Amino acid sequence: MGKPTGFMEYKRCVPEDVKPRERIKNYHEFHIHLSREEQQQQGARCMDCGVPFCQSGMNICGMASGCPLHNLIPEWNDLVYTGNWEQAYKRLRKTSSFPEFTSRVCPALCEAACTCGLNGDPVTTRENEYAIVENAYAQGYAKACPPTVRTGKKVAVIGSGPAGLAVADQLNKRGHSVTVFERSDRIGGLLRYGIPNMKLDKKIIDRRLAIMEEEGIAFVTNADIGADKKSMAGMKEFDRIVLACGSSNPRDINAPGRDAKGIYFAVDFLKATTKSLLDSDLKDGNYISAKDKNVIIIGGGDTGNDCVATSMRHGCKSVTQLEMMPKAPDTRADNNPWPEWPKVCKTDYGQQEAIAVFGHDPRIYETTVKEFHKDKDGNLCGVTIVRLAWEKDPETGRMNRKEVAGSEQTLPCELVLIAAGFLGAQKYVADAFGVELNQRTNVRTDAGKYQTSVKNIFTAGDMHRGQSLVVWAIREGRECAREVDESLMGYSNLIVQ
């Protein structure tokens, strides 16, 4: 374990971020990190408790508790404490395909389940993970390790998000020849165009992709497999196919005036900004601009927060974020005990920036859009919102919402961004491969399996489980790769957890 008394001797220490008013001037990552010596002291706080909930990755009351990848957290925390950084990286990489991604974008399920957090502050596990992987790149032992023997088997991975990349990474290690197809102009899927640059610098993705290419993985961009017969022509040459195309159907808001000009899905808004940033540092103007506009974002989740942050960097006139659900409590409720995921109110980086600039939280709870208003040219000029009340159905026990009479309010607005989640896989891909969908419009498989209804075609990630976290996509990719490997070779020695 770390230092036996470390959790009593050392306080949790996380560095401050760049101040909100300063960081909104650019699209750079804004977290400031501890020195190696300070990080080693934080590793000393890990207790190596008898039951390490941090690495359990189990479901409690329908929510994940602990790391879904089952990272060997107490082991590499101890190695951080003792300064064995290279060995810490090797232990981390046994279970995690892309720690450079999760240490930036994962909500740290491990820390929420940390035993130290029961009566104090949890270990800085995500920050320790970041320190391990970044030190590995700096020291040169995060490098390509191509397989020494090839099996002669060929696998196509459709989609280059975290699930698809995890599948490719694992199967390539086994010696199979893997080709990853991506319909966009750059590899990365959700990582590339769904997460803003200030949250995950795209150079971090490119750094890992360079290693994967050196290891023998082939990447093909601008390949919308399934869109037409021509795109499907080359699929017959592969022994196995993995569909990892994400949950790409955005949930819409159907209200009067929906056809107004100035209403966009959040994913289109975020992608356009990132692509323009990568193409020209925004100089080409090929993005949906929030500059000098009153922006309303429909959706209170992570994507909505990313839209707040991006709008702030554009220079919006105002920003409002609508959330249908009630505000979560600021501290754990009695019916939400550790080690359950804490259902508490979190003020994320975008909201912090809005508060710093405009002086108030941009979120309005228990509220939705009732009507969009257009000017004479069809441009969006305002939005009527309405308060919601939640009541339990006495027969089903489900909570139903209804509008609060007389609570309507009209706000000026020139840009609406819909961040209300996603509804499953895009049907044209499923139809092209002939795979069945379930009631949630995700690709159907047997429980706990990744084989689709079509022989030799597998699926993983959001396309399989629905919209979820990057860490779950990576886990699914690793598990799917093992199943594919078993189907090809009759057994598998790939480590899943």
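1. The second largest cavity is lined by 13 residues, and those nearest its centre are Cys46, Cys49, Cys54, Cys114 and Thr115. A cavity here is a set of points, on a 1 Å grid over the protein atoms alone, where a 1.4 Å probe fits but cannot get out; lining residues have an atom within 4 Å of a point. Its volume is about 80 Å³, where a volume is the space filled by probe spheres set on the points, and grid points are joined across faces, edges and corners. H4 supplies the largest share of this lining, three residues. By class, the lining has nine nonpolar residues, three polar and one charged. Ala, Val, Leu, Ile, Met, Phe, Trp, Tyr, Cys and Pro count as nonpolar, Asp, Glu, Lys and Arg as charged, and the others, Gly among them, as polar.

2. This is a predicted model, in which local features need pLDDT of at least 70 and side-chain atom pairs count only at pLDDT 80 or more, while totals for chains, interfaces and linings use all residues. Residues are numbered from 1 along each chain as its sequence is written, and side-chain values use heavy atoms, with hydrogens and water left out.

3. The whole structure holds three cavities of 30 Å³ or more. The largest cavity contains about 100 Å³ of space. Of its 14 lining residues, Cys67, Asn71, Cys106, Cys110 and Glu129 lie nearest the centre. Helices H4 (73-81), H7 (109-112) and H8 (125-139) each give at least two residues to this lining, and H8 gives the most, three. Helices (H or I, at least four residues) and strands (E, at least two) are DSSP runs, numbered from the N terminus.

4. The second largest pocket has a volume of about 320 Å³. A pocket is an open set of points with protein on both sides within 12 Å along at least five of seven lines. Tyr89, Arg93, Tyr141, Lys143 and Cys145 are, of the 13 lining residues, those nearest its centre. Helix H5 (residues 85-95) brings four residues, the largest share. This lining has seven charged residues, six nonpolar and no polar ones.

5. Some backbone details deserve a check. Trp338 and Pro339 are joined by a cis peptide bond, with omega about 5°; Pro339 sits in the loop between strand E9 (318-323) and helix H15 (349-358). Ala108, not a glycine, has a positive phi near 65°. Ala108 lies in the loop between helix H6 (99-105) and H7. With 7% relative accessibility, Ala108 counts as buried (under 20% relative accessible area, with a 1.4 Å probe and protein chains only).

Conventions:
Buried means under 20% relative accessible area, exposed over 50%, partly exposed in between (1.4 Å probe, protein chains only).
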